[in-house]
Amino acid sequence: MTAGFATALGPWRDRPGPLARALSTAVREAVVDGRLPAGTRLPSERELSRVLGVSRGTVVAALTQLRDDGWLHTRHGSGSHVRLPARLTERTTPWSLDRGGAGDADLDLTLALTAAPHEAYLAALARAAERSAALLVDSGTATAGLPRLRELLADRYTRDGLATRPEQILVTSGAQAALTLLLDHLHTDRRRPVAVESPSYPGALAVLRARRARLLPLPVTSEGGWDTGHLATAVRTRSPQLAYLVPDFQNPTGAHMDAATRAQIARLPLTVIADETLRDLDLRTPPGTEPHLAGPRVIQIGSAGKTLWTGLRIGWIRATADLVRQLRRNPLQAQLSPPPLEQLIATELLGEGLSAVLADRRSRLRAQRDHLAGLLDGSGWTHTVPDGGLSLWLHLGATPATELAARAARHGLAVTPGPHFAADRATLTHHLRLPFTATPDVLGRAVELLRRCDEQEVHRFVTA
């Protein structure tokens, strides 16, 4: 065990600074990288001193620092075990985004992502492993999804007022996989455009562009939402084959479609793909009760990625049973189906404990949203505080968003300017998306840096 521990640390002596600090840093990084699994019991101080070739005082100093920082738990009679500290496990923000997830950036606010609900996920993983025996005696080939998972998803729709049977559910490896499969099946006439919101989710725009779809932009704003008259006219004059819409806390504007608008859109002679990925992230107290965007020609897609964890590659399609049967015959379906064990984990997470996970997640996100909104007071930028979702959509006034993002990048902050969300890649030039999924400290540093960069631009313009 001792030799394996030393191997996991790698060439830790090459690090600059005191040996005790280098040793504690090496242990932390080994835990983060998975070379030392959380829960690993450490050898005794005497044994570590001998194997690592350092004084016992150095070992004691390193372990004390790890213990003080929460990376080590010591219980009398049981020894010391490495662990992830509470400040990492009890948060909604992926730790990597604090460490420069966008390449050279020190801070990454380009991704609106949440970390896994740590304890709930580990418990679900353990239960899934215990119940996986039946999976292992089967082939593991792609199906429409594990029966129990399809039942859970169907029950959730039914409880929300949209009667659904398990055979109306097709499980996919995420919402983008669901969209890809639907487009491959439904987007048969390349001459007819696909209606999309502007701004819209960049991942969906990328899928559509990969299929060389002609995009028909439909304006949506944080304040006014969707213009149903504009959409109706577009349907009448341009005859789009499909529409891709995000009715619940739209990404990036945060707009939330009211019941009357949903009903009007559902009556249009148009197949609508309603992306409900953010529907569970309702930050109102209590959460609202708006119906699903639903109708004979409306197909819902969803995902556990934003609600639970992006690393859980579970999405789904809710459609007619006949369409589900047709999609299962599509050759792409096998490639876009998640592994059985992932589905089993999702089944555990989406069961009875989901309400507690959602309540905690909503509370944390609500606090982070309000904190970010407060930081922006007096900036001169405008925004509407959304009722849900994961980000604020800022209007920067006269400041070009692409230039502001470029200046921020030179100072170590990565943000996404408006044109990235535009169907034409050229408009929305004075908008910027800021996710509130980051920690309060990171949000404060990011806003301060953005404001300094904006002031530099104003000064340059005034003195030019």
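Buried means under 20% relative accessible area, exposed means over 50%, and partly exposed lies in between (1.4 Å probe, protein chains only). The model is predicted: local features need pLDDT of at least 70, side-chain atom pairs count only at pLDDT 80 or more, and totals for chains, interfaces and linings use all residues. Residues are numbered from 1 along each chain as its sequence is written, and side-chain values use heavy atoms, with hydrogens and water left out.

**Exercise 1. Salt bridges within a helix**

Task: Find the salt bridge partner of Arg364 and classify the accessibility of Arg364.

Solution. 
Step 1. Apply the criterion: a side-chain nitrogen of Lys or Arg within 4 Å of a carboxyl oxygen of Asp or Glu. Arg364 meets Asp360 at 2.9 Å, N to O.
Step 2. Helices here are DSSP runs of H or I with at least four residues, strands are runs of E with at least two, and numbering starts at the N terminus.
Step 3. Classify. Arg364 has a relative accessible area of 29%, so Arg364 is partly exposed. Asp360, at 39%, also counts as partly exposed.

Task: Describe the pair Arg148 and Glu151.

Solution. 
Step 1. Their closest N and O atoms are 3.3 Å apart, in a salt bridge.
Step 2. The two residues sit 3 apart in helix 8 (residues 147–159), so about one helical turn separates them.
Step 3. Arg148 is partly exposed at 44%. Glu151 is partly exposed at 34%.

**Exercise 2. A bridge between loops**

Task: Which parts of the chain does the salt bridge of Arg279 with Asp248 link?

Solution. 
Step 1. Check the distance: the closest N and O atoms of Arg279 and Asp248 are 3.3 Å apart.
Step 2. Locate the ends. Arg279 is in the loop between strand 9 (271–275) and strand 10 (298–303). Asp248 is in the loop between strand 8 (242–245) and helix 12 (259–266). The pair is 31 residues apart and links distant parts of the chain.
Step 3. Classify. Arg279 is buried at 16%. Asp248 is buried at 1%.
Step 4. Count over the whole structure: a search finds 21 salt bridges.

**Exercise 3. Gly388 and its surroundings**

Task: Is Gly388 buried or exposed, and which residues does Gly388 contact?

Solution. 
Step 1. Gly388 lies in the loop between helix 16 (354–375) and strand 12 (391–395).
Step 2. Its relative accessibility is 1%, so Gly388 counts as buried.
Step 3. Contact means heavy atoms within 4.5 Å. Leaving aside neighbours within four places in sequence, Gly388 contacts Phe249, Leu281, Asp282 and Leu283.
Step 4. The C-alpha atoms of Gly388 and Asp248 are 8.0 Å apart, across 140 residues of chain.

**Exercise 4. Helix packing**

Task: How do helix 2 and helix 4 pack?

Solution. 
Step 1. Two packed helices are described by the angle between their axes and the distance between the axes.
Step 2. Helix 2 (residues 19–33) and helix 4 (residues 56–68) pack at about 50 degrees, with axes 8 Å apart. Axes are lines fitted to C-alpha atoms over the stretch in contact, and angles run from 0 to 180 degrees between N-to-C directions.
Step 3. Helix 2 and helix 4 are therefore oblique (under 35 degrees is roughly parallel, over 145 roughly antiparallel, 65 to 115 roughly perpendicular, the rest oblique).
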